[in-house]
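Q: Got a model open here and want to talk through the packing. Can we start?

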Amino acid sequence: MANSPQARKRIRRNNRRAEINGARVSRIRGFVKKVETAVEAGDKKAAQEALKAAQPELARGVARGVMHKNTVARKMSRLSKRVAAL
């Protein structure tokens, strides 16, 4: 258990940040899911729009440190390839 005031404060801060970061990752997953559902439905226009909306969200995830840049690059590449194949 944390004994120093600094350690207690750090635990409180970590809990707050974990909640915020969890919400961020969840939001990104939602954007990616929209692209995937549009691709599965075969709707090219909707897929392109969803991809255009997902790109900045994924980039923001990297900038905020909640996702690794290579993970995002891989996801973007795969999504782009699937949308282009429609």
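Q: What does valine 83 touch, not counting residues up to four places away in sequence?
A: Valine 83 touches Val35, Val39, Lys44, Ala47, Gln48 and Leu51. Contact means heavy atoms within 4.5 Å. This is a predicted model, where local features need pLDDT of at least 70, side-chain atom pairs count only at pLDDT 80 or more, and totals for chains, interfaces and linings use all residues. Residues are numbered from 1 along each chain as its sequence is written, and side-chain values use heavy atoms, with hydrogens and water left out.

Q: Which residues of the largest nonpolar core touch the most other members?
A: Ile28, Val35, Leu51, Leu58, Met67 and Val83, out of 17 residues. Such a core is a set of buried Ala, Val, Leu, Ile, Met, Phe, Trp, Tyr and Cys residues joined through side-chain atoms within 4.5 Å. Buried means under 20% relative accessible area, exposed over 50%, and partly exposed in between, with a 1.4 Å probe and protein chains only.

Q: Which helix gives the most to this core?
A: α1, with six residues. Helices are DSSP runs of H or I, at least four residues, numbered from the N terminus.

Q: New topic. How do α1 and α2 pack?
A: α1 and helix α2 (residues 44-64) pack at about 155°, with axes 9 Å apart. That makes α1 roughly antiparallel to α2. Angles over 145 degrees count as roughly antiparallel, under 35 as roughly parallel, 65 to 115 as roughly perpendicular, and the rest as oblique. Axes are lines fitted to C-alpha atoms, for helices over the stretch in contact, and angles run from 0 to 180 degrees between N-to-C directions.

Q: How do the residues of that contact divide?
A: Into 13 nonpolar, one polar and five charged. Ala, Val, Leu, Ile, Met, Phe, Trp, Tyr, Cys and Pro count as nonpolar, Asp, Glu, Lys and Arg as charged, and the others, Gly among them, as polar.

Q: And α1 with α3, at what angle?
A: Helix α1 (residues 5-41) and helix α3 (residues 69-84) pack at about 25°, with their axes 10 Å apart. So α1 is roughly parallel to α3.

Q: Which residues meet there?
A: Val32, Val35, Glu36, Val39 and Glu40 in α1 meet Leu79, Arg82 and Val83 in α3. That contact has five nonpolar residues, no polar and three charged.

Q: Last one. Is methionine 76 buried or exposed?
A: Buried, with a relative accessible area of 13%. Methionine 76 lies in helix α3. Leaving aside neighbours within four places in sequence, methionine 76 is in contact with Leu51, Gln55 and Leu58.

Methods
Helix = DSSP H or I, 4+ residues; strand = E, 2+ residues; numbered from the N terminus.
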